[in-house]
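This report describes selected parts of one structure. Please look at the sequence and the 3D view before reading on.

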Amino acid sequence: MKAFRQIDGLVCPLDRANVDTDAIIPKQFLKSIKRTGFGPYLFDEWRYTNHGEPGMDCSTRPLNKDFMLNQPRYRNAQIMLARDNFGCGSSREHAPWAIEDYGFQVIIAPSFADIFFGNCYKNGILPIVAASEMVDKLFKDCVATDGYRLKVDLEAQTVILPSGESFTFDITPHRKHCLLNGLDEIGLTLQHADEIRAFEAKHKATQPWLFE
Amino acid sequence: MAGKTLYDKLWESHVVREESDGTCLLYIDRHLVHEVTSAQAYEGMRLAGRKIWRKGSVVANPDHNTPTKDWDKGIEDPISRLQVETLDSNIKEFGALVYFPFKNVNQGIIHVIGPENGTTLPGMTVVCGDSHTSTHGAFGAFAHGIGTSEVEHVLATQTLIAKKVKNMQVRIEGQLGPGVTAKDVALAMIGRIGTAGGTGYAIEYAGSVIRNLSMEGRMTVCNLAIEAGARSGMVAPDEKTEEYLKGRTHAPKGENWDKAVAYWITLRSDDDAVFDAVVVIRGEDIAPQVTWGTSPEQVLPIGSRVPDPANETDPTKRTSIENALKYMGLTANTPIDEIKLDKIFIGSCTNSRIEDLRAAAKVVKGKKIAANIDLAMVVPGSGVVKRQAEAEGLDKIFLEAGFEWREPGCSMCLAMNADRLAPGERCASTSNRNFEGRQGPGGRTHLVSPEMAAAAAIAGHFVDIRTQL
């Protein structure tokens, strides 16, 4: 996994509540057995006016000009601004794979769906929960200002606005450590293999039917 | 000190180690695997040269991509076929306790086959790269969906890195009226608390209505916990749980059965347990439900009218209603029972078990589907369900009424195979998500119970099932 420390990134607003993972990456793209290449299909049904299928050359597809990703001012955005319950629905990790492959590194929203929230950290994406009033302000400022950027510093757990105003965000020490260092969690967990084996032996002794 | 909840007990009995910030390493008993979310995890294992920790924990089967008819032709879509064949080869290489490949007589939806063969048991931690894993909580297991990175983590370490969430109790008291089902209970609850209402909580369902539900009904309720934002939903095991499990292929036998049952009865929230949130709903207040929008929380009792955005003061909610009406092709204030349908889908991990099919068959018996219904299909949850239904003659009832009787799989719940809605088509569906494009690009989904879907097939539009009893 890529490490994440800080970025100064262009912000793109997605002003919709309850954006589900079916919308982030529609089901036909889930047939892939790879982890990469989902970026061109991110928000496929909202982004293009024709129907997308895996393997399509997206550079020639007709665009929905109203959709935010297609507006020139948001090109190469790295920070997504979203509304409540972002990433609800299916557990598909293809959703953060598509978001990361497109180039987003941070998502700021008032709330996220649980499974999606956890999946982001496994893919070097930082999901930031911000107060509703702050998110409202960011939406307003972002839409009003061409080239609106935010500075995000994971070490300091801080987001800095162009005005110099800032707010802090929460993250568990474990997730912060993994993200800052781009660590492979499986490798970390296997350092505790003896403890897992000891637990397993005890578990088997008390509930042998679980191991039949 | 306050007592413990069922969730507290399940959690604590699986903690391998705990960090100072509360991050835990949680032991996983059962790992369900399907073709869509596992290929990249197995590939990661191979690339890192890692071995599977405990292959005996894995129960696997393809379900999302498999066709529901013309099985002799195999899987025609080459990309779908490759994904299913990749699962075949991964299971061959890494191993599993149970694997039902495509066309096996027991193959089906992973959340139907787990309970069916006794590989889901009370007291277990159950995970799967699929959000509807919450289904298995009906047995008093802690069961939830995970992403593909976590699938790989469980394959390699038999654990998950997780933090405990809060406790919510949803109590459904009193009793349900005739024609009101587990599906209506779940949808009414989502309508009450919203699709994010359960975010950050584990839900325990309790109360007399839940106790009176069959295991199938409890599975339907727990299945939909994720649509309320809760990764897991659960019901304390009781005599019904034991009766359901006894004699199943992988259920404990002999002396172990007695020991297991003695343990399972301790898996209940203590009388003095404290929940962080409690929701109480009277069963008598629940009418048959129909979703009208593009989120499961956009749901109303039959007999209502489609909402008018002009009456909503919150701007974000007003926009959501406007977007949903536009996508669904509905006009504000239309009576729900005047909404005409094109297709009917009875199936999915929510409502494809034998009890669901019996209930739907009872409604359509001796009748014909309406002329405006282009396709009405029944997709049993598994080969076992299908054979049982055929033994009871349910297939004939459906076929005589004009339904198609298909092979098991996820089918038109998410339309990864050939079963899907065309743009603009409207479907009464017993599945779990009415998201935009879920059942096919541009398709319009209304979530209902099997009885309501069956009645809609006959009438050609929604009807109050309570008037048909």
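## How strands pair

Two strands count as paired if DSSP finds at least two bridges between them. In this predicted model, strand β9 (residues 166-173) of chain B and β12(B) pair in the parallel sense, with six bridges.

β9 and β12 belong to an open sheet of four strands in chain B, in the order β11-β10-β9-β12, with parallel pairing. At its edges are β11 (232-234) and β12 (277-282) of chain B, each of which pairs on one side only. On average, neighbouring strands of this sheet are turned by 20° against each other, direction ignored.

Strands of a sheet pair through backbone hydrogen bonds, and the pairing is either parallel or antiparallel.

## Two helices

How many residues of helix α8 (residues 215-223) of chain B are buried? Nine of its nine residues are, and the helix is mostly covered. Among them are B:Met215, B:Arg218 and B:Cys222.

## A buried threonine

B:Thr5 sits in the segment before α1 (6-12) of chain B. B:Thr5 counts as buried because its relative accessibility is 1%, and the cut-off for buried is under 20%. Leaving aside residues up to four places away in sequence, B:Thr5 touches B:Asn167, B:Ser269, B:Ala273, B:Val274 and B:Phe275.

Notes: Residues are numbered from 1 along each chain as its sequence is written. Chains are lettered from A and ligands numbered from 1 in the order in which they are written. This is a predicted model: local features need pLDDT of at least 70, side-chain atom pairs count only at pLDDT 80 or more; totals for chains, interfaces and linings use all residues. Side-chain values use heavy atoms; hydrogens and water are left out. Axes are lines fitted to C-alpha atoms, for helices over the stretch in contact, and angles run from 0 to 180 degrees between N-to-C directions. Buried means under 20% relative accessible area, exposed over 50%, partly exposed in between (1.4 Å probe, protein chains only). Contact means heavy atoms within 4.5 Å.
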